[in-house]
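User: I am new to this structure and would like to learn how its features are read. Please begin with the general idea and then turn to the case at hand.

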Amino acid sequence: MSELRLHDYHPSSASLMQEVLAGLAATPKVLPPKLFYDHRGAQLFERICELPEYYPTRTEIAILERHAEEIADLTGRGACLLELGSGAGVKVRLLLEHLRPKMYVPIDISRTQLRASAEAVAQDYDWLEVHPVCADYCRPLRLDFIPDDTHRLVFFPGSTLGNFEPAEARAFLENLRGLTGDEGALLISIDLKKDPKRIDDAYNDSAGVTAAFNLNILNRLQCDLDAEVDPDGFRHQAFYNRRAGRVEMHLISRRPQTIVVDGRTFHLDEGKTIHTENSYKYDVEEFQDLARRAGYRSPRVWTDSDALFSVHLLRPA
Ligand code: AVJ
């Protein structure tokens, strides 16, 4: 098998630097969750997916396994399958034999993991044309290698849409119609609202992997942006904000301290936080309403018997 060609549009460190400087200058301070996914962060997230407390991944996998054939019947075989946030490439493997896509386009910001998982898929599915794209899918994507005459299925797993504010989520879904095309479809996963304790536990695992994942964002600033920051000066915090319907992750400053990035000094008093992630949860009806307002109709939704998680098939209306 010849070496896969990686379509590399990884954001420049200059653009990441701009986002970090703007976030640290804001009140309260924020950092974008895409910063989590450097090589170590991607590995930590793979471990999170294995945790007993983190129900989303295993529940989603069970739903996809159970309904893969129906999903293929409804979306059509021989499509161009684009996956947003392909990560370790575990979930798509549940669908490939059923969907038999003509082409697979995994899109992810974590270059090393993307290259490895794309090569493994190309190795294991020798009938499949694989085009890995290293990019931030929140930005416009140039995918001119995809033939026009092929219908598209966009797969957005993991409930990562939850990282967007609901209004941003709607705008993002609207933009995704450019990727699906009018004849295409979107297969998207959404974590459901449930007992707050179950959600809290999923982001505060007893092994401390989520805490390490959260704190790793500071190591990233040190390694990729030469920041002067002491990760030990911060502690992990995650809680379910029931009123907002979202999990919030923060880094709490253990003492008065500074972070220096690109020659700029940012002060944090003891107890002050850096907001690193929101993970919105929806009811099925709430998400279907959001999808409708984004210009989609939803012929089908699958959930597990405990209604922990959902997978929606959307088509441009
Ligand atoms: C990959 C964004 C879906 O919000 O559940 C896991 C990331 N953050 N544990 C999520 C995450 C903390 C995950 N998403």
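Analyst: Buried means under 20% relative accessible area, exposed means over 50%, and partly exposed lies in between (1.4 Å probe, protein chains only). By that rule D73 counts as exposed, because its relative accessibility is 52%. R77, at 38%, counts as partly exposed. This is a predicted model, in which local features need pLDDT of at least 70 and side-chain atom pairs count only at pLDDT 80 or more, while totals for chains, interfaces and linings use all residues. Residues are numbered from 1 along each chain as its sequence is written, and side-chain values use heavy atoms, with hydrogens and water left out.

User: What joins the side chains of R77 and D73?

Analyst: Side chains of opposite charge can pair when their charged atoms come close. A salt bridge is a side-chain nitrogen of Lys or Arg within 4 Å of a carboxyl oxygen of Asp or Glu. R77 and D73 form such a bridge, with 2.9 Å from N to O.

User: How many salt bridges does this rule give?

Analyst: The count comes to 22. Among the residues involved, E19, K34, D136 and R139 are linked in a network of salt bridges.

User: Where in the fold do E286 and K193 lie?

Analyst: Helices (H or I, at least four residues) and strands (E, at least two) are DSSP runs, numbered from the N terminus. The side chains of E286 and K193 meet in a salt bridge of 2.9 Å, N to O. E286 belongs to helix α9 (residues 284–293) and K193 to the loop between β8 (185–191) and α7, so this pair ties together parts that are 93 residues apart in sequence. E286 is partly exposed at 33%, and K193 is partly exposed at 28%.

User: How far apart in helix α7 are D201 and K197?

Analyst: D201 and K197 are separated by about one helical turn, because they are four residues apart in helix α7. Their side chains form a salt bridge of 2.6 Å, N to O. K197 counts as exposed at 51%, whereas D201 is partly exposed at 31%.

User: What polar atoms does the side chain of D205 meet?

Analyst: A polar contact is a pair of N or O atoms within 3.5 Å; within protein, one must be able to donate a hydrogen and the other to accept it, and residues adjacent in sequence count only if both atoms are side-chain atoms. The side chain of D205 has a polar contact of 2.5 Å with that of T210, and a polar atom of the D205 side chain lies 2.8 Å from the backbone nitrogen of G208.

User: Which residues are closest to the ligand?

Analyst: A residue is near a molecule if one of its heavy atoms lies within 4 Å of it. In this model 14 residues surround the ligand, the closest being Y54, G158, Y203, E277 and S279. A side-chain N or O atom of Y54 is 2.6 Å from a ligand oxygen, and one of S279 is 2.8 Å from a ligand oxygen. A ligand nitrogen lies 2.7 Å from a polar side-chain atom of E277.
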